[in-house]
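Here's a quick briefing for anyone opening this structure for the first time. Have a look at the picture below, then work through the notes.

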Amino acid sequence: MYNMTFEELSGDYSQERMDSVAKALEEVLTSALPQGCITVGVYEAAKSLNVDPDNVVLCILATDDEDVKDVALQIHFTLIQAFCCENDINILRVNNTRRLAEILEGEGKQSGGEPMDLHCVLVTSPHSTSWKDPALSKVNRFCRESRCMDQWVPIINLPER
C-alpha cells in the first residue's frame, strides 16, 4: 500500500480545485454571454468600471506568455486591479487568451474580422434580476479564499478542449 505525503495530497487537491474553478469560470462566462453581461477589452472595461462599478461581479485579466513583456498592458492591469480591490470586485487572472476567445465564441472577433482585446473581461450582473449562479458563487468563494491567503489576484489555467 502506498501512503501519500501531505504535499502530494495537497497538490492533488489543489489541481483538482483549480480544474473545478476553471470549469465554474467557463460556466459563468457561457451563461453571462447570452444575457449581455460581458464587457470585453481593457478600455471598454475601464469605461464600464467608471460608469457602474457596483454592477461588476467579476474581473478577468487574461495574458499569454508574450504579454508578460508588454509594459503598457501591465500598467493597465495594475490600475484595473487597484480599482477592483478598492471596489470589492473579485479578480482572476487567466493564462490562456485563445481558450478564453473560444469560450466567448462570437466575442473573439470584431465585426471587421479583427481579433478583440480579450486581456480584460468583465462579468456584470443583469439589472433585471439578482444573479444567483452556483458557478459564480464558486468562483467568488475561490477569490475570497485566495485573498485570505494573500493571493489577491489568483491565476487560473483554462484547459484546452
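Let's start with D54, which is exposed, at 72% relative accessible area (exposed means over 50%, buried under 20% and partly exposed in between, using a 1.4 Å probe and protein chains only). This is a predicted model, where local features need pLDDT of at least 70 and side-chain atom pairs count only at pLDDT 80 or more, while totals for chains, interfaces and linings use all residues. Residues are numbered from 1 along each chain as its sequence is written, and side-chain values use heavy atoms, leaving out hydrogens and water.

**The overall layout**

- The protein has five helices and five strands; helices are DSSP runs of H or I with at least four residues, strands are runs of E with at least two, and both are numbered from the N terminus.
- Reading from the N terminus, the elements go α-β-α-β-α-β-α-β-α-β.
- Out of 161 residues in the protein, 43% are buried.
- Take the contacts (heavy atoms within 4.5 Å) between residues at least 6 apart in sequence: 81% of them join residues at least 24 apart.

- The buried residues of α2 are V42, A45, S48 and L49.
- Those residues sit on the same side of α2, because they cover an arc of only 125° around the axis; the arc is taken from the directions that run from the helix axis to the C-beta atoms.
- On the face turned away from that buried side, α2 carries the exposed residues Y43, K47, N50 and V51.
- What covers the buried residues of α2? The cover includes β1 (38-40), β2 (56-62), α3 and β4 (120-124).

- A45 lies in helix α2 and counts as buried, at 0% relative accessibility.
- Setting aside neighbours within four places in sequence, A45 is in contact with T39, C120 and L122.
- A45 and C59 are 14 residues apart in sequence, and their C-alpha atoms are 8.7 Å apart in space.
- S48 is also found in helix α2, and S48 is buried with a relative accessible area of 18%.
- With neighbours within four places in sequence left aside, the contacts of S48 are T39, P53 and L122.

**How α2 meets α3**

- The axes of helix α2 (residues 42-51) and helix α3 (residues 71-86) come within 11 Å and cross at roughly 20°; these axes are lines fitted to C-alpha atoms, for helices over the stretch in contact, and angles run from 0 to 180 degrees between N-to-C directions.
- That angle makes α2 roughly parallel to α3 (angles under 35 degrees count as roughly parallel, over 145 as roughly antiparallel, 65 to 115 as roughly perpendicular and the rest as oblique).
- The crossing of α2 and α3 is left-handed, a label used if the near helix is turned anticlockwise from the far one by less than a right angle, with clockwise giving right-handed.
- Which residues meet here? V42, Y43 and L49 in α2 meet L73, H76, I80, F83 and C84 in α3.
- By class, this contact of α2 with α3 has seven nonpolar, one polar and no charged residues; Ala, Val, Leu, Ile, Met, Phe, Trp, Tyr, Cys and Pro count as nonpolar, Asp, Glu, Lys and Arg as charged, and the others, Gly among them, as polar.

**Loops to look at**

- D54, the residue we began with, lies in the loop between α2 and β2.
- The C-alpha atoms of D54 and N87 are separated by 7.7 Å, and the two residues are 33 apart along the chain.
- D88 is in the loop between α3 and β3 (91-94), and D88 is exposed at 72% relative accessible area.
- Although D88 is not a glycine, D88 has a positive phi of about 55°.
- D150 is placed in the loop between α5 and β5 (155-156), and D150 is exposed with a relative accessible area of 61%.
- Phi of D150 is near 60°, a positive value in a residue other than glycine.

**One last stop in α5**

- S146 is found in helix α5 (residues 134-148).
- Is S146 buried or exposed? S146 is buried, with a relative accessible area of 1%.
- Not counting residues up to four places away in sequence, S146 touches Q151 and P154.
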